Each structure stands twice: as C-alpha cells, then as structure tokens.
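Thanks for passing this one along. Here are my notes, in the order I would walk through them with you at the screen.

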Amino acid sequence: MSLSPTDSTLASPVIPSKRRRAHTNQQSPPLMDESSTASGATPGHIPKRGARACTACRKGKNRCEGEAPCRRCQLSGQPCIFEKPEKKNGQLLSTASVERLSRLEGQYVVMQSQMIGLQTSLDRILAAVTQPGAPGVMPPGPPPIYPQTLREGPGPGYVTNVSGTRTGLDPQYDPALMQDQRPPGQRTFPPLPGFAPPPHKYATYGIVPSTAASSEDESEETLPRSTINAPIEALQGLANAAAEAAAAPSFSASSRVKKRKRTEPIPRNAFPHVVEKASRSQTVIVFIHSKRTSQGLVSDVEAKELFHIFFSGCHLFIPIFDVSYDTYEGLMERSPWTFDAILAVAGKIKSGNNPPAPSFYKALEEAQGIARSSLFGPVVRKEAVQGMLLLAAWSTNGWLPSGHAMRMALDLGLHRALEKLADSNGKKRGEEEERDLVVSSRIWLCLYWFDHQMSLGTGRPIVLRDESSIRHCRVLLSHPMSSATDVRLISLVELVAQKTQIYETLTSMNGQVNHNTLAFIRRASEALDKWWRDCDELHRQTMDEDSLLVKILAGELHYAKLWLVCVALRGVSWDKMPFEQRELAFQAKDAASNCLSIFLCSQDYRAALRYAVHDSLVTAAFSGLFLLKMANLFPGELDLGSITSQVEQLAQLLSDVAAERHVIFHSLPSLLFNSRIPQKRYALTLRVMLANLRRKVGLA
C-alpha cells in the first residue's frame with residue numbers, strides 16, 4: 001500500500017469561535033499552490049473508492065472534509081495523509097519480466113553474501129587496528145551504514161572454529177572498545193558463531209515420490225494421497241501451492257490448477273568458494289585501490305593441487321564421487337560447500353605430521369560456516385549432502401554430523417532414488433534426469449552405510465531402519481553411468497546390512513551365551529564368508545587379487561568376524577569363560593591377527609592409509625588392542641613374540657601416517673596448533689599397553 005504525503009507546512013490561524021469556523025468552511029480558501037497542483041500526483045484529490053478520510057481522522061473516528069490538508073490536521077499541526085486505493089487490475093508481468101526478476105533475485109542473494117563477507121572483513125581489520133597499545137591506533141569511526149547480519153571479531157579465550165576467529169550477530173560488540181566500559185567483575189558473553197542461512201523458501205527441491213498427485217484425481221487438491229499420513233508435509237505443500245497460485249497473473253478464487261507435483265528450480269549458490277572469495281587483506285586492498293579482480297582465499301594453482309590429492313585416494317574410502325563427472329570445475333560450480341570440504345581434507349593430508357598450511361584453515365572455516373547455515377534453512381541441492389558427509393567422515397566425532405547429513409538426504413527425498421532408478425515404467429528419461437537419479441542413489445547408499453557404521457561403532461541405536469531404500473542397490477553396478485568405486489560402495493552397503501541384522505539379534509539375547517547364541521554366531525560367520533565371496537567376484541571382474549580394493553575387502557571381512565565375537569561376548573567375564581566361549585575368543589584373535597597382517601603386508605594398503613577416514617584407522621587400532629587384551633588374559637597359550645611384533649609394527653605405521661590427523665574438525669585450538677599431541681595418540685596408546693604387557697609377562 002502506497003502513501004501520498006501532502007504539504008503540512010501551511011497553517012491557518014486558530015479560530016476559537018464555531019461561527020467563524022463555519023464561515024471559513026463556506027469560503028474554503030485554496031491551500032495548495034500551483035506548483036504542487038501541477039505535479040503528476042494531486043494530493044487534494046478525493047479517492048473515488050477506498051479511504052475518504054485522512055489517516056488522522058480515521059484513527060480518531062472524526063468526520064473529515066476529504067480535502068488535503070483537512071481542517072483538523074491544520075489545527076493540530078500534523079501531516080494530512082490520504083491512502084490511495086489498491087489497484088485491483090494491475091498490469092500483468094510478462095514471462096520475460098518474471099524470468100528477469102528471478103535472475104535479479106539470484107544476483108541479489110550473491111551480492112548480499114559478498115557484502116556480508118566484505119563488512120565482516122572490514123570489521124575484523126578495524127577491531128585489530130583499534131586494539132589498545134597497537135601502533136597507529138585510530139579513533140573509532142561511526143557505526144556501519146549497512147545492517148550487519150554477520151560479525152566476526154577476535155575475543156580473548158573464545159574460539160569457535162579452527163582459525164581462531166568467532167562470528168556473531170551483535171553489531172555493537174567490540175571487545176577492544178567495550179573492555180573499559182564493563183563494570184568490574186561482570187561476565188561477558190561472546191556473540192554466536194555461524195553463517196546466516198540463505199533466504200531460500202521451503203519447498204520440494206529433491207526427488208518427488210511416485211505417488212504424487214496426477215491431473216485426473218481431483219481429490220488430490222484437497223489432501224494428496226502421498227502425504228495423507230504426513231500432516232506437516234501435506235499442509236506445507238498445500239500452503240506453497242496456494243501461495244504460487246495467488247501469485248500467478250491469472251489467479252482467481254474459483255480457479256483450480258490440476259498439475260502433477262514438481263520440484264522447485266535449484267537457486268544459485270548463496271556462498272562463494274575459497275578460490276572465488278577474496279581474503280581479508282586483499283579485500284582492503286581492492287577496496288582502497290578500487291580494483292575489479294583479486295585473488296581468492298586459496299589460489300587456483302594450490303586448489304587444483306589439493307583437489308588432485310583428494311582424488312588420489314580419499315574417494316576410495318568414501319565412494320561418493322564419480323571422477324569422470326565430479327571434476328574440478330564441475331564441483332566448484334555446483335557446490336562451493338563440497339568443494340571447500342574437499343580442499344580442507346586434502347590440506348590436512350598434505351601436511352602430514354607437520355602443521356597445516358593456511359589454505360587448510362581457510363577452506364575448513366568456509367566449509368564449516370556453510371554447514372552451520374544449513375541447520376535452520378532448506379536444503380536445495382544434493383551436493384550439500386556430499387559436503388556434510390565429508391565433514392563427518394574425516395572427523396573424530398562423525399556420528400553427529402552424519403545424522404544431520406541423513407536428515408538432509410531425507411529432506412531431498414534421496415531415499416527414493418534407487419526405487420525410481422530401478423522402475424522406469426517404460427518411460428524414457430533424459431540424460432540429465434538419469435544422471436540426477438544415479439548421483440542421488442550413490443549419495444544415499446554411501447550415507448546409509450556410513451550412518452549405520454557410525455551407530456554400530458559407537459554403540460548407539462540405529463536411527464534409520466528402512467532396508468527397502470537399498471533393496472535395488474546392485475542396479476547401480478549395471479548402469480551405464482556407474483563409477484569405478486561403485487563396486488566397493490555396494491559391498492559396504494551389503495556388509496553393513498548384515499552387521500545390522502547380527503547386532504539386533506545378539507542384542508535381543510541380553511548378553512547370554514548359550515547353545516542358541518553359539519549356533520547363531522556360526523551361521524553369521526558363514527554368511528559373512530558368503531558375502532566376501534560374492535563381493536570378491538564382483539571386484540575380480542575389473543581388478544586382480546593384488547588390487548587395493550580387493551585387499552581392503554579382505555580386511556573388512558576379518559574385522560567383521562572380530563566385531564561379531566566382541567558383540568556376542570560383551571557381557572561375559574573374560575577371566576572366567578567356559579570352553580565354548582574361550583574358543584570364540586581365540587577365533588576373534590585369529591581374525592584380528594589376519595586383519596593386521598593385511599594392513600602391514602600390503603604396501604599399497606600402507607600407502608593408502610594416509611587418505612583413510614577415521615573409521616578405517618579405528619579398525620586397525622582396535623585389532624591391535626584386542627590382541628594385547630588376549631595376550632594379557634592368556635599369556636601361556638599365545639605366541640607373545642608374534643603379537644608384540646605385530647602391535648609394534650602397527651604403532652609405527654599409525655605414527656608414520658599421522659593416525660590422528662583427523663582431529664582437524666576438533667573445536668579445541670590447542671589440539672589443532674600443537675600437531676604432535678593428537679597425531680600420535682593411537683600409536684602412543686598401543687605402545688603404553690605394549691609396555692605394560694612386557695612388564696607383566698617379563699618380556700625384554
């Protein structure tokens with residue numbers, strides 16, 4: 001609604017008499033000069049429809065003369081404003097205008113993000129310059145012109161990310177300026193960290209279910225059958241449809257639109273990647289010298305090097321990418337989040353035991369910031385799930401971020417991808433739609449495996465129990481768009497499905513080891529052997545027996561057998577075990593020894609451990625710890641020399657490949673900048689327990 005302000009500077013003498021006021025109304029002298037009357041808008045015009053009284057008279061429920069300015073406003077000295085009636089039949093926008101408006105909105109989102117980053121950088125530089133005691137201190141300037149939605153500033157003792165910076169929403173907070181203004185003894189609170197979520201609307205961006213509304217079923221307009229058991233989704237979908245229909249040019253109250261549900265077009269990326277985003281110092285230089293171009297947080301040459309490092313081995317442990325499709329330029333354009341996460345992981349791998357380079361901290365800060373913005377905003381692209389999964393996989397606490405990635409995938413409907421890929425219904429899909437289904441299926445399968453693996457490894461309940469979403473997983477192997485690592489992905493999914501059934505069955509036995517338990521363990525071990533034979537046959541179609549993926553597959557078989565016995569014997573007193581349980585323990589010892597042999601004897605496997613995720617290194621370390629436990633319990637029945645030799649070699653191997661480099665996502669800066677503390681923690685644990693064993697049994 002637009003407002004028409006009038007000239008309120010003219011005033012008439014106050015007439016206290018009613019007779020003189022009536023006489024004045026009869027003459028009605030003109031109150032507008034010719035210049036204001038000759039303008040395009042005539043403020044003294046009485047609207048034919050709509051409001052006939054000014055705003056002040058309508059609020060006071062007084063009679064108004066209908067001319068601007070009215071007598072009451074003149075007497076009170078306040079502006080006399082008439083509201084224009086709404087135009088019911090507005091000019092309709094053409095299709096080209098709507099498309100142009102959509103493009104402008106996308107450009108506005110990108111410019112808004114860049115302005116936020118620019119304002120943040122300038123504020124941080126100002127805070128650093130105006131610190132007490134700093135050379136060349138300048139007096140604080142006026143408050144910023146633009147409202148701040150994101151602010152970062154240094155603060156003593158408070159770190160929210162690996163670069164030692166923090167973010168907040170309070171534009172008035174400045175530790176350097178407010179330190180002297182605080183009362184003594186008063187506790188101060190830092191601003192909140194994180195990026196603000198992009199202004200995307202909540203809608204359907206992912207895969208639409210097969211039971212979506214059709215144009216023949218008129219009842220779908222009231223309550224779609226696909227959401228009849230999901231009231232929140234049903235109401236949200238109907239509200240979005242009503243808003244879109246109301247915004248349409250040809251909308252009328254009696255019109256009905258019967259169309260099949262469709263996904264929203266994916267909006268532009270709201271955040272730039274590290275190669276595109278200018279650094280803080282470069283931002284100031286560009287701002288001062290008015291340059292048009294500047295180098296990003298990470299140079300293009302270094303980013304390509306880190307990208308090559310990641311796809312030299314990391315993609316084998318998290319088989320979520322296709323090297324022929326997920327190229328450097330492709331991922332950079334589709335998902336800055338995933339691109340930054342890849343550079344962060346590769347940056348830490350490149351550093352090894354040495355302190356990471358600045359590019360690692362910059363890429364990680366950007367990736368974690370975008371991840372925080374996804375907590376309270378809609379998920380609009382499937383590549384965002386890849387970025388969240390990478391942050392979870394190379395983290396020491398991957399269970400929490402993997403749960404968020406799972407919710408993101410469910411919100412996009414990625415769990416429906418395999419079903420739609422397997423059931424084409426005789427319809428020929430386009431290449432873009434087919435690629436979308438293949439990529440979505442790969443993301444869902446990898447996320448399904450990783451989330452279940454995290455739950456089983458941490459002993460927490462399995463949240464997702466929908467095996468129907470992976471029923472057609474082998475369809476991906478025969479698809480023309482399958483990748484070289486899909487065979488490993490399918491093997492992992494089928495293995496974790498078997499481990500889930502084993503865990504649920506053994507949990508229901510409440511730790512009791514009887515004849516039924518022993519019989520189930522034998523059947524489960526045979527099922528694991530069958531899984532390995534089937535998957536080994538799939539691997540041998542394109543690989544030889546010395547291939548790295550074949551070695552990894554054999555190691556996973558031995559570790560699964562070790563895990564099987566540990567779950568069955570979790571409530572047993574190991575020093576008072578009967579004969580049957582002792583036999584199981586010794587079988588687990590053989591599995592742990594075989595697992596370590598694969599780690600230690602394969603040169604390719606040893607070299608690939610520098611790219612491994614945290615879960616793979618836990619597999620090796622836990623196998624070594626189990627051997628030491630067995631040696632402590634049964635020192636006279638085991639070959640202690642062989643066990644101590646294996647564990648010593650494992651400790652050295654973990655120390656060489658920087659076993660605990662994965663604390664790159666830890667929030668404590670003391671662990672990040674002192675690289676020697678975390679990188680040798682697993683190796684140190686093994687060596688301490690090994691020294692205790694040697695003292696106990698009297699080994700030299």
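1. Let's begin at helix α9 (residues 300–310), where A303, L306, F307, I309 and F310 are buried. Buried here means under 20% relative accessible area, exposed means over 50%, and partly exposed is in between, with a 1.4 Å probe and protein chains only. Helices (H or I, at least four residues) and strands (E, at least two) are DSSP runs, numbered from the N terminus. Viewed down the axis of α9, the buried residues stay within an arc of 160°, so they line one face of the helix; the arc is that of the directions from the helix axis to the C-beta atoms. On the face turned away from that buried side sit the exposed residues V301 and H308.

2. A word on the model: it is predicted, so local features need pLDDT of at least 70 and side-chain atom pairs count only at pLDDT 80 or more, while totals for chains, interfaces and linings use all residues. Residues are numbered from 1 along each chain as its sequence is written, and side-chain values use heavy atoms, with hydrogens and water left out.

3. What do the buried residues of α9 pack against? Their partners are α10 (314–317), α11 (328–334), α12 (336–351), α13 (358–373) and α14 (383–393). Contact means heavy atoms within 4.5 Å.

4. Leaving aside neighbours within four places in sequence, L445 touches L418, I470, C473, L476, L489, I490 and V493.

5. Please look at the loop between α3 (55–60) and α4 (71–76), where P69 is found. The peptide bond from A68 to P69 is cis, with omega near -5°. K61 lies in that loop too, and its phi is near 55°, a positive value in a residue other than glycine. K61 is exposed, at 78% relative accessibility.

6. How many disulfides does a search of the whole structure find? It finds zero, a disulfide being a pair of cysteine sulfur atoms within 2.5 Å. For C54, the nearest cysteine sulfur is that of C57, 3.4 Å away. C54 is buried, with a relative accessible area of 0%.
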